[in-house]
Amino acid sequence: MDRRKEELEKKRQKLAELRRAREERRAVLESQSNQTQSSGSSTSASKDRKAIDDLVALVLGERPSTPSAGGASDRGSDTGSEFTASRPASSNFGYSIPGTPVSESNGNRSSIISQPGAPATPISSAPRYVAELTEFQTVVADIPPLEQVVYSKEIQTAEGSFDAPQKSEEEIRKEIMDEIELLEKERQAELEEERKRAELEKVEEFQELTDDEKKLILASPEFLEFMDNSSKFVERALNETYDFMKDYTLGIDVDSDENSGKRVKFVCDFWDEKWSRNRSVTDVNWSTKYPELLVSSHNKNPATVNEPDGVALVWNLHLQDRPEFVFHSQSDVLSVMFSKFHPNYIIGGTYSGQIVLWDTRAKSLPVLKTPLSAGGHTHPVYSLEMVGTQNAHNLITGSTDGFVCSWQLDMLAQPQDYLELLHPSHNKTDEVSVTCLGFPDNETTTFWVGTEEGNVYQAGRYDQAGSKAGINQTDTYKGHYGSVTGLHFHPLYGSVDFSDLFLTCSVDWTVKLWRAKSASKTSSQPTNITPLYSFEHADDYVYDVKWSPSHPALFGSVDGNGQFDLWNLNADTEEPFVSTSVGSGRALNKLAWDKEGNKTAIGSSDGRVYVYDIGEIANPKQDDWHLLQKNVSEMITNQENPGTK
């Protein structure tokens, strides 16, 4: 198509040149016509002068002058004119009659004929040149003959008769079209030749690319995107642990011994050389939509300056060598979670107090984030909870600045609710530094918060009958002697409702079981509520504790010694049901159960995320709910009557 356009453009230029040449030729012919007309005037004037000279010579009886070869007569005339002009008028011996022409012949004057009625004039024998008569013609010639400068059909016909006939516009157009058709045939022939050459090249042996060509291909964005997506598919297939060679006729389950009894099975660990090195895992969370996906948040890497301070990595159980997604943050990410109602949304709480929202369909930077102002949090955000339903839900965040904020995910410019937690028992400041918070299932207004001083408080988001929004000033859940690091309510499922039970862990090396007091039964005076039971097996800080979502009496905890403990309240309360050393013995910061309760994800301070399969331990028996109810009733009795056991 480009070649076609070039050929047409050349033809247009050629046609313009032909028109320009025709105009130039017409201008030249017009100038020649003017010159011919001027020369014709000069020629007629010379003829008239010669006729007068011949007439004078005939009257005088002399022979008419004939032009000599080489222009001798003209030279003689010019010479005589110069001779006469140089001689004074008084030197003429004869008298000249005005208006009477005088002729020269061979340079000698013959005679002078006087007109009738005029005095006789003596005839002089001195020579007189005819060139004197040219003065009158010269004066007449100086007047431009305006009436002769015209364009007549006769002159145009004469001019055109000497030139070759010009081509008409139709003929030129026909020639151009013929040339275009010829060029089109040539182009079609070239295309056919190229097609044949391409077919031959397919048959020929493969030609090795040069190093520059390889580098150019490898650096292209299209190739990188293709490799990133396609390699994930291949790695997921390679990481599939299904036994394709399994023989069902044997009837023997080889892995039955690993999944049964007091045992947990290590599945995998996630770690990335670039994003996990020198970073601690600050939080982990499973996706409620995709059971194979989990997200981990990480703090700053002090060894790098150009990398973002905080990152959130989305891992896939079928893609264990690298993260599925990498999200960036300008500040350390301390808490992270998948949105319960938007599978593509990931929410993070940062050290600077910002709440960031990432989208798996977008790039690595947050799509929304809260401003760094007094309208939100100004201290680290350690707690994230989402309450409500699909059509009406809110994100609840708690920070050590003493505020609990309620957000809508589609508008993070300012919080929907802004609740300041104050308690008069604090000496230096009334603010309550929130380190963790939790909502009972099916509860959206009343929540419990763990604080830095070790106390747990009940709080409400709104003013209710008999109580105001904020912390319940009378009831204090007092039992820990250090900062509360984790708080989790029992899930609401099964035949018995245990949603009033919650667990807390602390840096005082203990895990405590509490029974939440109903918000409608608040005390009229300050009351300290004690825990139902205290689990004191750990030898280091206990950083997190979580109830199992499938077994009513099962919960897990992780501590600073790298121990992952599974507790079964129906089996034993003094010792964990299963205790496992995770990784290299580094501190374990966070614990998360998947939706089915079969797997746990554990975040370590070395940047790794460990996944364990709980196996048969996670499967409850039919009487586990009633047995737990019996054990809890005994704990309540012991709490009310401390002297009896």
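I count two strands as paired if DSSP finds at least two bridges between them. Strands are DSSP runs (E, at least two residues), numbered from the N terminus.

**Entry 1: source.** I am working on a predicted model, where local features need pLDDT of at least 70, side-chain atom pairs count only at pLDDT 80 or more, and totals for chains, interfaces and linings use all residues. Residues are numbered from 1 along each chain as its sequence is written, and side-chain values use heavy atoms, with hydrogens and water left out.

**Entry 2: sheet β6 to β9.** I looked up an open sheet of four strands, in the order β6-β7-β8-β9, with antiparallel pairing. Its edge strands, β6 (333–338) and β9 (368–369), each pair on one side only. Inside the order, I followed β7 (residues 345–350) and β8 (residues 355–359), which pair in the antiparallel sense over five bridges. Isoleucine 347 stands opposite leucine 357 in β8.

**Entry 3: strand β24.** I checked burial next (buried is under 20% relative accessible area, exposed over 50%, partly exposed in between; 1.4 Å probe, protein chains only). Six of the six residues of β24 (residues 554–559) are buried, so the strand is largely enclosed by the rest of the structure. One side carries Leu554, Gly556 and Val558, the other Phe555, Ser557 and Asp559, and both faces are covered.

I then took the neighbours of β24. Strand β23 (residues 542–547) runs antiparallel to β24 and is joined to it by five bridges, with tryptophan 547 opposite phenylalanine 555. The hairpin from β23 to β24 passes through six residues. Five bridges also join β24 to β25 (residues 563–568), again antiparallel, and glycine 556 has leucine 566 in β25 as its bridge partner. Three residues separate β24 and β25 in their hairpin, and glycine 562 in that turn has a positive phi of about 85 degrees.

**Entry 4: aromatic pairs.** I searched the whole structure and got 21 aromatic pairs. Rings of Phe, Tyr and Trp (its six-membered ring) pair if their centres lie within 6.5 Å; planes under 30 degrees apart are stacked, over 60 edge-to-face, the rest tilted. Tryptophan 448 and phenylalanine 502 have ring centres 6.4 Å apart and planes at 40 degrees, so I log the pair as tilted. Tryptophan 448 lies in β15 (residues 446–451) and phenylalanine 502 in β19 (residues 501–506), so the pair ties together parts 54 residues apart in sequence. Both residues, tryptophan 448 and phenylalanine 502, are buried.

Tyrosine 477 and phenylalanine 502 have ring centres 5.9 Å apart and planes at 70 degrees, so this pair is edge-to-face. Tyrosine 477 is in β17 (residues 470–477), 25 residues from phenylalanine 502. I read a relative accessible area of 0% for tyrosine 477. Ring pairs link Trp448, Tyr477, Phe489, Phe502 and Trp514 into a cluster.
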